Structure formats: structure tokens, C-alpha cells
Amino acid sequence: MFLFNRTNQTTANRSNSNKQNQPSKTGSVYCDVKSLMLLRFEAMSLSMPSARRAVRQQAGAHRSPFRGRGMEFSEVRLYQPGDDVRSIDWRVTARRQKPHTKLFHEERERPILIICDQSISQFFGSKTTFKSVRAAQSAALLAWMAIEKGDRVGGIVFSDSGHQEIKPARSRKAVMRFINVLADFNQALSIKSPNSNNQSFTLNDALLEAQRISKPGTLIFILSDFLDFNAVTEQHIQVLAKHNDVAAVRNYDELEMKLPPPGTYSVSDGSNTRTLDTQACSSQALYAEHIKAFNKHLRATMTRLGIPYIEQDTVEPTRDTVQKLMQFIN
């Protein structure tokens, strides 16, 4: 099936190919730095979940493996044997005539790593916008949310021909570097790009890079269409999830979920052109069964691995997708 295989991803309606090969209005075929920067204002109305906090009496003499922002006062309770005398609240103790000790929350930092797929299979869309644009917008919005919260943020942006990584940092410059890379990779997409049969970089390679640069406790977002998902992909995600929090967003287009109305269509992957005949009922049923099985397998795998997973249609606003995703992240 053409639409189902990354190495043979099709572009329906060949007559529109010339339009797709030229920059179009922002948010449809391509995105630019300015549009991704404007998502900062949407990020202000959304909230990134906090890292789990540890309750302690006070900061100890030994350096913690978690690089937190500090100690936040939690409560005062009765002194218990074994409590550090340095944490005693003498004012409360004098007032109540019983020893009381202070408790604090250690605020732990959670770096954010965003893996954004800008492969040729993402350069596809039948309504509103392309999958590649939705992925880039979601990645930028997540980055702005993270920096607004004060977390370190970085990412890996990849295409069939290579990748670029931005190591997590707590600065707007890091976000801007990430956004510029997103825009560059997005605008480099074209139906005249080299056929993905010769691809030198895949989602599996990106996940392997994530294992190398991510620190334990990192919150990792994977934004892709997952069309080349296989057993190796599952293994890489499982390794990442052992010491990190992982969430996944699958980008899809309505035209990928079912064949177009009965008829004869010319379809192309940018290099080869074939004729697709959807008039036979058997073709419609076979494709529907195939895509349904793939979707079911992907959802079941993510559930089994404990990965928050949602699907994003190209017509769904980016803000709604991200807001929905946040509800599933601790």
C-alpha cells in the first residue's frame, strides 16, 4: 500500500505538485520562524506538568543527583526520632511547648527533549495543512511551554537525509535555535527531494540519538507519523522509558485513513508515478483492514509500554492537541 509505506509515501492529486513544491501560506504547506515564534503567546495559556517533588526536612550536606531549583517550604510537624535537629522550628516549638520540625519540597528540574520528524512522509496533507507543519508547530509550542516554566529544553529534528540536535538549555536562545532548525528542515521538504528509499536517517536513528543525549528524568516528546514503526522502534522507546518520561504524538491525515472515492488516480512518491484504482470494493476493504490493524497495533504497543499517546489530525488545531496531551502526563 503506497500511503502506508514510508519509503513509498504518496502525494495525491498530482496536478497540485507544482503548488506543493513552492512555499505557500504559512501553516499550510510550510512554516517559518515568525509563525513558530508567535506560538509563544499560546504557550502562556498552557501549563507544562511539574517534575515529581521530594519531601525533605532540609538540604543535606551531600550533593543530590537531582539538580533542583531549591527547597520550598511545605509544612511544620511534630519532631520525630531521627529528624535532623537543624530543621527544628524553634518559634513553633516555644509557642506549643513541643518540638516541631520543618518540612520542605525539593523542586526537581525536568529537562525537556523534543524529537520532531520532518521526513518526506510528513510532507503530505489533504486538508488545512501538512503533517510536517503540524509536527513543527507542536514541537515549537512544547518548547515555549517548557521555557516559560523555567525548564531546560532541547530537541532532535530529523529528515531522511540527516538530523540536528539542540542540547537542553534553560534559555530563550536555545528555543530560538530549535525553532530555526525546525523551520530549516520544514522548508527543505519538497516532492523533488531524493526518494526515501535512499534515506540515511530514520526515526530509529533519532531515538538512538535521544538515548545518548538525554539525562535520567528527562521528559521526551516524540512527534512523528510512525509509518516506519517496527520492533526496533519499540525497543528504543522501551529503553528511553526506563529512565525517562516519554510521550508520543502521531500525525496523520484523513486521506491516509481510507482510500479516496471510487475512481482512478495518479499517485507519486516524488520519483515514481503509478495509477491507483479504488473502484473495486475489495481494494477499499483491504486497505481499511490494513490501516486499522496498524493503528490498533501502535496504540496497543504504546499502552503496554506506558507511553501517553495521542493522534493528531492535520485539521486539529495544534493548541488542542498539546492541551489534550498534557492531561496524560504526570
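Author: Start with one term: contact means heavy atoms within 4.5 Å. The model is predicted. What covers the buried residues of helix H6 includes strand S4 (112–117), strand S5 (153–159), strand S6 (162–169), strand S7 (219–224) and helix H7 (231–243).

Reader: Which residues of H6 are the buried ones?

Author: Helix H6 spans residues 203–213. Its buried residues are Leu203, Asn204, Ala206, Leu207, Glu209, Ala210 and Ile213.

Reader: Why is asparagine 204 called buried?

Author: Buried means under 20% relative accessible area. Asparagine 204 has 14%, so it counts as buried.

Reader: What makes the link between the side chains of asparagine 204 and asparagine 230 a polar contact?

Author: The cut-off for such a pair of N or O atoms is within 3.5 Å. The side chains of asparagine 204 and asparagine 230 are joined at 3.4 Å, so the pair qualifies under that limit.

Reader: What does asparagine 204 touch, not counting residues up to four places away in sequence?

Author: Asn230, Val232, Thr233 and His236.

Reader: Now isoleucine 329. Where is it found, and why does it count as buried?

Author: Isoleucine 329 lies in the segment after helix H10 (318–326). Its relative accessibility is 10%. The limit is under 20%, so isoleucine 329 is buried.

Reader: Which residues does isoleucine 329 touch?

Author: Leaving out residues up to four places away in sequence, isoleucine 329 touches Pro49, Arg110, Leu219, Phe221 and Ala247. The C-alpha atoms of isoleucine 329 and valine 246 are 8.8 Å apart. Along the chain, 83 residues separate isoleucine 329 and valine 246.

Technical notes. Residues numbered from 1 in each chain as written. Predicted model: local features only at pLDDT ≥ 70, side-chain atom pairs only at ≥ 80, totals over all residues. Heavy atoms only, no water. Helix = DSSP H or I, 4+ residues; strand = E, 2+ residues; numbered from the N terminus. Buried < 20%, exposed > 50% of the residue type's maximum accessible area, 1.4 Å probe, protein only. Polar contact = N/O pair within 3.5 Å; in protein donor to acceptor, adjacent residues only side chain to side chain.
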